[in-house]
Amino acid sequence: MRNIFLIFLGLWYPSIVMAQSVLPAPASTPTIVDESTPRKTVQSLLSAVSEASAKNIRAQLDTRESKTLTRQEISRVVDKLGYLLDNHGTLMPVGLISNLPSGADETGLDKQFEKVGNVKVGGQSVAITLQLIEDSSGEKTWLVSQDTIKGLYSISLNLGESTINQILPKPLIETNFRGAPIGQWLSVIVLLVFSGLACRLVTLSIRQLAKFASKRNADSRRSQVLNALSLPLGIIFAIFLFVALERSLGISIIIRQDMSAITVTAFWVAVFLFVWSLIENLSTRGEKLLRSKNQVAGLSIVIFFKATAKAVLLILSVILLLNNLGIDVTTGLAALGIGGIALALGAQKAIENLVGSIIIIIDQPIRVGDFCRIGDMLGTVENIGLRSTRIRTREDTLVSIPNGMLSSERIENYALRRKYLLKAILNLRYETSMDDLENILQILRQNIKNNKYVASDNQRVRFIAFGASSLDVEVLCYVYAGDYDVFLERKENILMSFSGVIEANNSGFAFPSQTLYLSKDK
């Protein structure tokens with residue numbers, strides 16, 4: 001629990017510093033009204049609410065002349081705006097509100113409107129929207145829209161004390177700190193501690209569940225996943241509990257808006273831990289699987305992707321946290337983009353080889369131990385690395401081929417053959433009679449057909465030609481074999497059996513010979 005409390009405390013302190021731009025200065029200092037961007041308008045509105053300054057609140061509203069908006073309605077909204085925001089309203093964290101003069105384009109509204117929160121009372125909900133207004137001098141400002149003012153005015157309720165103010169002693173309510181009762185600030189600290197205890201309780205419960213699951217199931221993968229996700233799930237539960245308690249107790253919108261930076265930051269921390277644990281768990285299981293199969297190249301790829309994914313996750317998390325704290329990261333992202341392009345250009349060959357190795361690992365045209373032809377080179381694959389692949393040639397030399405080049409080469413893998421072609425021409429002597437030749441052909445066909453290592457399809461034994469010095473018989477079939485050495489052994493047995501058949505049928509193998517005819521002229 002102490003660790004969780006320190007996390008909340010560590011997140012709370014920077015948010016207090018950030019709140020210097022959100023919360024108002026002491027009451028003696030006049031409020032500076034700035035509506036040039038949606039974020040600054042919300043900040044000015046919160047400052048006016050904290051000071052209970054009707055004049056400054058009115059300055060944030062669109063009070064232009066309108067047929068549907070009366071002075072009475074505006075005054076009524078000014079009077080109850082603070083109460084509505086404290087007890088029934090929510091605003092977006094300041095860091096997530098656009099700080100551009102043109103506003104955000106992804107809100108789903110027209111360009112001149114920006115939604116920054118809502119107010120819910122019973123079944124009635126009113127969206128708090130800002131509208132970009134241009135005066136006669138051409139100056140543009142963001143003000144609370146007239147639609148929002150009409151909606152807030154339509155909410156009928158009796159103004160009274162919030163739940164938390166009914167519980168706290170009067171001295172703690174009457175003493176203000178940074179625009180809100182000091183008692184509410186102390187209450188928020190109590191809520192943080194309570195939420196930290198709830199986080200600890202949920203984490204321990206999930207881990208006990210993981211232990212129970214591992215005892216009932218020999219496969220401990222589920223329990224490992226539950227253990228890895230227990231802390232992120234506990235933090236997320238604590239965040240939702242804290243926000244729900246804040247709203248139900250009617251904590252001031254000033255405090256809640258300040259604390260929203262903490263809750264959003266804590267949520268992204270929980271998401272970061274969740275994804276980090278997921279990457280670690282999946283990569284560890286992949287590494288174990290590849291080690292059991294002795295796939296060193298695949299193991300290198302998994303380790304590389306693990307490190308890359310963690311680095312990308314860390315960078316994205318830092319960007320999101322800085323953005324949540326209201327720090328503009330646009331310039332930093334532009335610098336990172338330029339640096340990334342320069343790095344990519346400088347490491348073009350290294351990236352090409354890395355991509356090539358990934359393609360080889362995924363597509364698997366070759367594997368370690370395979371005998372193959374790459375281009376015009378024959379050899380056995382000894383190692384597939386991140387940068388290059390090493391081939392042991394038939395001359396016993398070791399050739400290293402960059403994977404970028406290898407992925408685009410023509411690869412002929414002999415190790416993946418299911419069967420080998422046996423093709424032979426038997427040259428029989430011319431003294432062989434046609435009857436003996438026919439017997440030889442029939443016996444050879446039957447022998448091939450009965451051989452269990454010979455494929456039943458594409459078998460052929462044919463007398464094909466009268467050669468220069470022999471009767472030529474062609475034998476063609478496919479022999480099943482696990483590798484080339486086994487094929488040679490089975491081919492040897494088949495050819496030797498052919499020799500016995502030929503000798504048993506009054507024939508033999510012919511030798512290249514020539515017949516010379518001499519004659520006398522008449």
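Visitor: Among contacts in the protein between residues at least 6 apart in sequence, what percentage join residues at least 24 apart?
Guide: A contact means heavy atoms within 4.5 Å, and among those between residues at least 6 apart in sequence, 65% join residues at least 24 apart. Please keep in mind that this is a predicted model, in which local features need pLDDT of at least 70 and side-chain atom pairs count only at pLDDT 80 or more, while totals for chains, interfaces and linings use all residues. Residues are numbered from 1 along each chain as its sequence is written, and side-chain values use heavy atoms, with hydrogens and water left out.

Visitor: How many helices and strands does the protein have?
Guide: Helices (H or I, at least four residues) and strands (E, at least two) are DSSP runs, numbered from the N terminus, and the protein has 16 helices and 14 strands.

Visitor: In which order do the three strands of the open sheet stand?
Guide: Two strands pair if DSSP finds at least two bridges between them; here the order is 12-14-13, with antiparallel pairing. Strand 12 (419–428) and strand 13 (460–466) are at the edges with a single partner strand each, so one side of each lacks a neighbour in the sheet.

Visitor: Over how many bridges do strand 13 and strand 14 pair?
Guide: Strand 13 and strand 14 (residues 471–480) are joined in the antiparallel sense over six bridges, and F463 stands opposite V473 in strand 14.
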